[in-house]
Every structure is written in C-alpha cells, then in structure tokens.
Amino acid sequence: MAEGSVADASLFGADRRLCSADVLPPAEVRARIEVAVLNFLSALADPSAPAISVLPLISRSAANCSLRRALLTDDVSSVYLSYAFCKRSLTRANDANAFVRVWKMMEICYKILGEGKLVTQRELFYKLLSDSPNYFSCQRHVNQTVQDVVSLLRCTRQSLGIVASSRGALIGRIELLGPEEEHVDCSILGPSGHAITGDLNLLRKFSFSSDARYLILVEKDAIFQRLAEDRIYNHLPCILITAKGYPDIATRFILHRLSQTFPNMPIFAVVDWNPAGLAILCTYKYGSISMGLESYRYACNVKWLGLRGDDLQLIPQSAYQELKPRDLQIAKSLLSSKFLQDKHRAELTLMVETGKRAEIEALYSHGFDFLGKYIARKIVQGDYI
C-alpha cells in the first residue's frame, strides 16, 4: 500500500504506521491474486531467487499491535497493526501446511469472485474439508488462513467474497430503508428484533432514520429480548443492538455506520461484570487483534454503562459467582494490553481481587421491570465511564 493511502485511512491522516485492508472490487482482488501467482512462478523459474518458498504477511502478534489514540474527547481510539512482517515458509516444518493453505484459499476465493458469489467461513470450511482434507481439518485452519490471505493481499474479507455469519439484531426507534425501497420500522417488531445480515455490501446500502437519543449495546440476547419485550424504547428514546455475545463483524459494521450517521448519539454498553463482558466492550470500542488488518475499521466510542463495581450493592450476595480459570485468563490478557483505560483497568482489578463475577440477570432480584429503570436512571445521572 502506498504511504498516501495509509494516511488517508488514518485519523486526520496523522498516523502513517497504520496498515489496513482495502475494500476492493472483485476484478482488482482477482488481479492481486494473479500477480501473487505470477510472482511465485517467476521466482520458481529464476535459479538465483533465494526465497521462492516464503510468503511475507503482516504480523498479527501483540508485538505488532498499537493503539491509535483519539485526538479529541469524543473521537475514537482503535487498535491497529503496523508494518512488521511474519513469514509462511514451505521449507519450515511448522509452516509448510499453512503455506499451502494460503494458496488453496486464494484459489477458491478466485473462483468465488469469478462466479459473483458470497460465502461464509463455515461454508468455506466444508468445501475445503471436502477438497483438501489434509490441509483443512478444522474451522480454525480456515479462519487463520482467511486472515493470512487478507494480510497478503491487503483487502477485506468481504472483498474476497467471504461474508460474516451474523448473529446480531437491532430494535427500537429506527427505520431502515433498503436499496430496493424496502422499509423496516424496528419499533413495531417482536422482541427478537431485526436480524442483521452478514453481507456488508448490502448493509452499506441501507439508509437510516431515527429520533432516538441513545444507542444501547447489549451483550446478551436474553437481556436484549427482555428490554425489547418491555418496549424500553417507548419510554427511553433509544435503539437496542446486540451480537449475542462476542461481536461479529457485521454487528460491528452496522454499529459503526449508526455512529457515523448519528454522531451525537452516545453508545452505552450493558455487559456482565466479568472479564468477558469487558473484553466484549473493548472489541466494540477498539477492535481486536484477531481481526487482523480490519481491526481498526469499525471501532466506536462506546461508554460502559453497567454492570460496574458501583452497582454491586444492588446485587444479593447469593447471585455472585466465582471467577473461572477462563475468566482469569481473559483478565490477564486485558491487563497486559496497551489500550485498557484506567477506569476499565480498575474495574478489572476489582474483579480479580474479589475473585467474583456478576451477571446482568442478577438485577432481576428487584423485579423483571427493574432493568429498564436501572438503564434509564444511569443514563439520566450520567453514571457511565
């Protein structure tokens, strides 16, 4: 990527270290694959070429990860990858299969783009398991190889013809207008809300109309449905959105689009008081190293509404749970990260020191209608970080 285009992708063109994945049309992606193949064949034909069996990829390690900090209070900070490289080598025992997987993945993406199709990573897995079982024996192989190809070709997954398997939904005071003039009023839907498609190209074509004042990001589907069932948006002018756990790229994409369309609409997160809840919030807020070159693209300025340490007085002792080994592992990873802000770090430290965790549902000890009142009170009082 030229240095100018790196600057264009950065905040006010200020950070020239950021390495990103481009959104490209199918013809250009196929051209990049063809160039990769031609370069490889050219190296094979040249007896003096020293490294025909090495693929240079942008490193997705924590050491190559930095935080692009917001310049203004309401700007967005995000995780990004710099221009440090790792290699997939055909001659190194641990890399040989991964090297071959990259070429097989580019081959199938080339065919998909030529046919004008879109596939999910799960569909790719079953196709590659059938065609190349010795190289793709689990979903993890597919997921890692897709990121390798993104790193090599510097284009997004969607540009490769790969779409997210979205789990997300939204509901509340928002109307969606699609490219074919289809109209969805999300304020009159059932508690399951409107399912978010995994096709980012389609999501780009939607326009939005809303009189909401707040965007409430909910970790869990059960909490989302509880709030939707209570029609919280009739009392508190808001939009509810959830990815039903760790965020998929399509839910992050539409949240980012909403934040761009309605820049004065604050985003509040309602997550469990445990390390996983904070990790989910941070993925929306900063991005994730696991998303590679696409990490920074959909970061949003998310505020932590609850649950937080100040809310623990509302929860009966019987509702607390012990931190599990997985919780401690996530906490250790977060505490060692470069991006965790001080107030978030203090909350996480409190979790580890007490050895306790609490779920949002613990607030039901005050009645099933308490959750909506709790959210409204905290927003009105400005009780968020």
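The side chain of Asp-199 reaches the backbone nitrogen of Asn-201 at 3.0 Å, a polar contact in the sense of a pair of N or O atoms within 3.5 Å, where within protein one must be able to donate a hydrogen and the other to accept it, and residues adjacent in sequence count only if both atoms are side-chain atoms. This is a predicted model, in which local features need pLDDT of at least 70 and side-chain atom pairs count only at pLDDT 80 or more, while totals for chains, interfaces and linings use all residues. Residues are numbered from 1 along each chain as its sequence is written, and side-chain values use heavy atoms, with hydrogens and water left out.

Let's stay with Asp-199 for a moment. It sits in the loop between strand S10 (194–195) and helix H6 (200–205); helices here are DSSP runs of H or I with at least four residues, strands are runs of E with at least two, and both are numbered from the N terminus. Asp-199 counts as buried because its relative accessibility is 19%, and buried means under 20% relative accessible area, with exposed over 50% and partly exposed in between (1.4 Å probe, protein chains only). Leaving out residues up to four places away in sequence, Asp-199 touches Leu-118, Gln-158 and Val-163, where contact means heavy atoms within 4.5 Å. Asp-199 and Ile-162 are 37 residues apart in sequence, yet their C-alpha atoms are 8.8 Å apart in space.

Next stop, Thr-242. This residue belongs to strand S13 (residues 238–242) and is buried, with a relative accessible area of 0%.

Now the cysteines. A disulfide is a covalent bond between the sulfur atoms of two cysteines, and the cut-off used here is a pair of cysteine sulfur atoms within 2.5 Å. By that rule the count is zero. Take Cys-109: the closest cysteine sulfur is in Cys-155, 8.1 Å away, so the two are too far apart for a bond. Cys-109 is buried at a relative accessible area of 0%, and Cys-155 is buried with a value of 0% too.

On to the backbone. Most residues other than glycine have a negative phi, and most peptide bonds are trans. Arg-154 has a positive phi of about 55° although it is not a glycine; you'll find Arg-154 in the loop between helix H5 (139–153) and strand S6 (162–163), and it counts as buried because its relative accessibility is 13%. Arg-231 also has a positive phi, near 55°. It lies in the loop between helix H7 (221–229) and helix H8 (232–235), and at 26% relative accessibility Arg-231 counts as partly exposed. As for the peptide bonds, a cis one joins Gly-306 and Leu-307, with omega about -15°. Leu-307 is in the loop between strand S15 (302–306) and strand S16 (321–322).

Last, the annotation. UniProt, in an unreviewed entry, places the feature "active site" at Tyr-126; its positions are given in the numbering used here, feature names are shortened, and annotations may be inferred rather than shown by experiment. Tyr-126 is found in helix H4 (residues 121–131) and counts as partly exposed, at 46% relative accessibility.
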